Amino acid sequence: MAASSNYVIEVRIDVLKTLKIAGLATGAIAAIGLGAYYFHQRTQRAKRVTFREEVKHILEPFQLTDEQLRRVMANLNTEMTNGLRSDDEREKNDLAMFPTYVHYGPSGQEIGEYLVVDLGGSNFRVSHVNIEGRNRIRLNNKIFLIPHSLLLGEGDKLFDYIAECLQRFIDDNKLALHKPAGYKFDLAFTFSFPCNQTSLRQARLVSWTKGFSCTGVVGNDVVLLLQQAIDRHKGLNIQVVALVNDTVGTLMACSSIYRDCKVGVILGTGYNACYFENIDNVPKWKGVRDQATKQIVINTEWGALGKHGCLDFIRTSVDRELDESSSTPNQQVFEKMISALYLGEIVRLIIVDLVQRSILLPGRMQKTPSLRSDYNIFLILRGSFYAKHVADIESDNTEDLSVTSSILTSIGIHDPSYDDCYLIREVCRTVSLRAAKLAAAAIAVLVNRLNQSSVTVGIDGTLFRHHEKFKKNLARTLSRLVPRTHRLVLSEDGSSKGSALVAAVDRRMRETGFSS
Ligand code: GLC
């Protein structure tokens, strides 16, 4: 780390050593040195205050008050009610509030063997799930990398790749061995994008989110696309029996353990939630309304909040910049302020701003990319700062901020000073705290809407799982915003186990004469 004005302890030790060794004469020199040192410290401290004032000014719009959070809550609540009323685009609803055709949580009586394909987060996973009754679930899975080109290319190729991975998974695990001739695996498809469902097995993709943009998929039935790709693969005997959003999987997995779990949340690459709603509160529901379908799980797709301006009062110039340079401008406005895919980029944009104002890394901004090209790349390249960096830096409590320093060095910012590290940690803390507060405000709306004596919220996703400070801030804010009893519970492998549970519940209901 470069020399900094803040190495108070080091300098003092040096001065004491000098006094011991060289006696009075040297002591006098040291005294002059000390004087100079304290003078330097004072000027440095004054400089730091100026820095901090400016930084404060830049960070202020990110510091949300509870009053602002309550306004976000009120707007979200209104948009939820509007979304449940109609799908009519002319109504300019922010939220899709998709009915999912899931009416019941697991009873504990479900059994069966399922394959699950989980697409939509940072990973693509294939799982083999055995539900053994009394909610005992065994799971074996494998993560497959999706080449970036497939995420941006033709949809058919993506689905063919999924089918190929399924084949590999079945072969590697010898799953087809000892199966009777003609045996077909049931597969639940966890597909974590906004889909308009017309049954558990029919789901039209409305739009891609989270940076995916394969052609030929939007507007089509993704269950059919996957089934067709499977059928093109001779030897694969699989039928797709359910399409499940990751939030719904999380809810199902968690509600198999906690009876009062009525909300499923993903706080990862994207931010979304689903919950059990009374069917009477869903005027747009066109399906069956009877004793057996009193409730339905609604996929809120609340990441889309703000597309008609209801979050403008808290959006910063950085949020707008991030949105405008994304592949989906004016979409997922709320998600872009919260989820892991965007947190690092918000921080990076603030850092770039601070560097350009010479507040951060003063005098270090390279004019030509040929000098220290890596350093420039960090400043120029979108997406080069990750949520993981934000998490690690914001919890850096080392005295010399060495964790921050080595992270910055690893991404090309060489020899940052203590002050640089300190400021960047401040930026990370502010951006992460805003995200946690906004995430909490949204969950608070659902807890209030449910109006139960106690609610368990099942949550999965990297931000909740690995980002300790974020999790604490989320819980703290939520407790302030909702006095009701609630608990936040990590849902382990929810999106895979839960999807298998959706398929299993559906099988059980069909066998007992109910259909979805
Ligand atoms: C995005 C998707 C949503 C998903 C969420 C979490 O918001 O649109 O369907 O649940 O990310 O993965």
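**Ground rules.** I am working with a predicted model, in which local features need pLDDT of at least 70 and side-chain atom pairs count only at pLDDT 80 or more, while totals for chains, interfaces and linings use all residues. Residues are numbered from 1 along each chain as its sequence is written, and side-chain values use heavy atoms, with hydrogens and water left out.

**Entry on α7 and α9.** I looked up helix α7 (residues 317-324) and helix α9 (residues 340-356), which pack at about 120° with their axes 10 Å apart; helices are DSSP runs of H or I with at least four residues, numbered from the N terminus. Axes are lines fitted to C-alpha atoms over the stretch in contact, and angles run from 0 to 180 degrees between N-to-C directions. The two helices are therefore oblique to each other, since angles under 35 degrees count as roughly parallel, over 145 as roughly antiparallel, 65 to 115 as roughly perpendicular and the rest as oblique. I noted that the contact (heavy atoms within 4.5 Å) is made by Val318, Asp319, Glu321 and Leu322 of α7 with Tyr342, Glu345, Ile346, Leu349 and Ile350 of α9.

**Entry on α13 and α15.** Next I turned to helix α13 (residues 418-450) and helix α15 (residues 468-481), whose axes are 8 Å apart and meet at an angle of about 45°. That angle makes α13 oblique to α15.

**Entry on rings.** How many aromatic pairs does a search of the whole structure find? I find 14 aromatic pairs, where rings of Phe, Tyr and Trp (its six-membered ring) pair if their centres lie within 6.5 Å. Phe159, Phe189, Phe191, Phe193, Trp208 and Phe212 are linked by ring pairs into a cluster.

**Entry on charges over rings.** I also checked for a charge over a ring, which requires NZ of Lys or CZ of Arg within 6 Å of the ring centre and within 35 degrees of the ring normal. The charged end of Lys142 sits over the ring of Phe144, 5.2 Å from its centre, and that of Lys471 sits over the ring of Phe464, 5.0 Å from its centre.

Technical notes
Rings of Phe, Tyr and Trp (its six-membered ring) pair if their centres lie within 6.5 Å; planes under 30 degrees apart count as stacked, over 60 as edge-to-face and the rest as tilted.
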